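Hi there,

Here is the structure I promised to pass on.

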Amino acid sequence: MGEPALAAAFPVPALADLAVPAAVVDADTAMGDIEGLVHADPGMLGVVTVVDGVHHLVARARLDVLLAGRLGYGRALLHRRPLRAVIGEPALVLPAATTWDDAARVAIGRPDHRKSNPVVVAFDDGALGLAPVGPLVEYLSGRYAAMAFTDELTGLGNRRQLASQGAVLSGAVLPGALFLIDLNRFKEINDALGHARGDELLRHVASALSAACAPAPAYRLGGDEFVILTAGGWPATPLADAGRDLLRAIEGPFHVAGVPITVEAAVGIAEGAAGLDEGAAGLDEGAAGLDEGAAGLDELLARADAAMYLAKRDRTRVEVWARDTAVVGAADLGMETDLRSAVANQELVLHYQPLVYARSGQVASYEALVRWAHPERGLLSPRSFLPRAELSDVIHPLTEAVLAEAVGQAACWHRAGRTMPIAVNLAAPVLASEGIVAIVERLLERTGLPPEALIVEVTESAVMTRPDQSADRLRAIRAMGVRIAMDDFGTGYTSLELLTRLLLDELKLDRSFVMRVHEPQERVIVEAVAKMAHGLGLTLVAEGVEDSRTAETLAGIGFDLLQGYHFGRPEPAAAHNPVPGIVTSG
């Protein structure tokens, strides 16, 4: 799949560019005349004759050997003999459009006694030429040497070339900075469009990235990771701004198979010698194993990778490595291990926030929000651990534990005579997994909870990770009777066509719009969303309602449900029991 990129990186000449006109003679021409013809032109490689439609070549070197013969008697014996008497095997004949690569491979694949013979070049108009083998072999050797340092798919430098460049720049300490760019959810794009289309998208990204960072070189490390190594001259702006410029440059949309695809990515940046101050040499030994004060290529890659991890975790998209970055990264890795233990030890607890009817203010449902009762750090909010969980497979057992607790709590309330729907959010990796439908079905059967008492919330970004698979799984869950809500609506790129395909029940407008609803232009947008939601038959929910004025405004616009601190903060299930004595699942 890399030929288009390689052709651009290494323009391949055709055999016609190397060929010189061939002397084509009759097969009955005397050898003495052939000798005179060849020796009259020092540049002539040999002569070609055609016998019964088959091309034969007598190269200059072979002609000299034949005419010399043993003990010098060859010329006297062969002088008057015809050319056809000495022709042997057919010549190698290739079209003039044959690339040097292909010609060299075929030429050196001949038997040893013929490998040095020129190649007969056939032009479209019937003319013939001869191409020497030496330049072809030299070209192929040089091309392979260059290809060893070039990414086959994109034509950018590869990891080997990056290592070589890093060694040339300084050896121990590199100047400038290193930018490590990683595409978000590229695997899902590959799965959705196929690997051939995924490769095409990578070529688009590589081209845009290379143009954006010129004259600094860009490299592809493999997969969906790219590197820019600068030793000065670029960027002229602060590093973080340069990182944002790069992300805008590769954002697209790029048209792949007629489909416009927008690329999301994160970039981690590490400064070399120019950006190191004296304090940078004071790294602790435990800071992810980084050597003190070193800023060689491996070190810069490690630092940029740590910064990129933070950019993904905190959704900032751009991070510049600082002295505490490695420590934070190491702490996060420890948190991932602790999270697995937390799930196993049932340290995760749920708090429930009410959603109320906009007109009456009565509780309509609850949203389950996870907390971590850490044995040493106390009660942790989801912001401190969920982003890390979503970057690893721990999100799957964590989500299953949250679902089990929420469904169990709703079932307890239902058995006590209080059927109160509870909403649970599914992260992108969970929605993309094949087992989520079976998990929901199993929990409903085990607890006896009516399906309509469970609401599954998904965000736009989670759905857009794999739109077709997400739609299929949400339809399967909804077919059980479970309600589906889209959370944080307005912050992503959901198309109206996909919105109808998802068969939603609720639409939750993101708090960023709710907070600005009193601004005239923002209100127009909110009213348009309300009209669209009701036109699709959806229950419309506003998140982040903080005061009575906002609540009244949203009710007037036509919102059905409201959620926010104005109506109640997330609290344990016991705080929401209207009558003392109602059991909880905990």
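Arg 478 and Asp 505 form a salt bridge, with 3.0 Å between the closest N and O atoms. This pair ties together distant parts of the chain, 27 residues apart: Arg 478 sits in helix 18 (residues 467-479), while Asp 505 lies in the loop between helix 19 (496-501) and strand 21 (506-509). Arg 478 is partly exposed, at 31% relative accessibility, whereas Asp 505 has 18% and counts as buried, because the cut-off for buried is under 20%. Please keep in mind that this is a predicted model.

Helix 10 (residues 239-249) is worth a look too. Asp 241 forms a salt bridge with Arg 244, and their closest N and O atoms are 2.9 Å apart. The two residues are three apart in the helix, so about one helical turn separates them. Both ends are partly exposed: Asp 241 has a relative accessibility of 33%, and Arg 244 has 37%.

Further along helix 10, Asp 245 and Arg 248 are also three residues apart, which means about one helical turn lies between them. Their side chains meet in a salt bridge at 2.3 Å, N to O. Asp 245 is partly exposed at 36%, but Arg 248, at 51%, counts as exposed, because that class begins over 50%.

There is also a network of salt bridges, which links Glu 367, Glu 457, Lys 508 and Glu 543.

Methods:
Residues numbered from 1 in each chain as written. Predicted model: local features only at pLDDT ≥ 70, side-chain atom pairs only at ≥ 80, totals over all residues. Heavy atoms only, no water. Salt bridge = Lys/Arg side-chain N within 4 Å of Asp/Glu carboxyl O. Helix = DSSP H or I, 4+ residues; strand = E, 2+ residues; numbered from the N terminus. Buried < 20%, exposed > 50% of the residue type's maximum accessible area, 1.4 Å probe, protein only.
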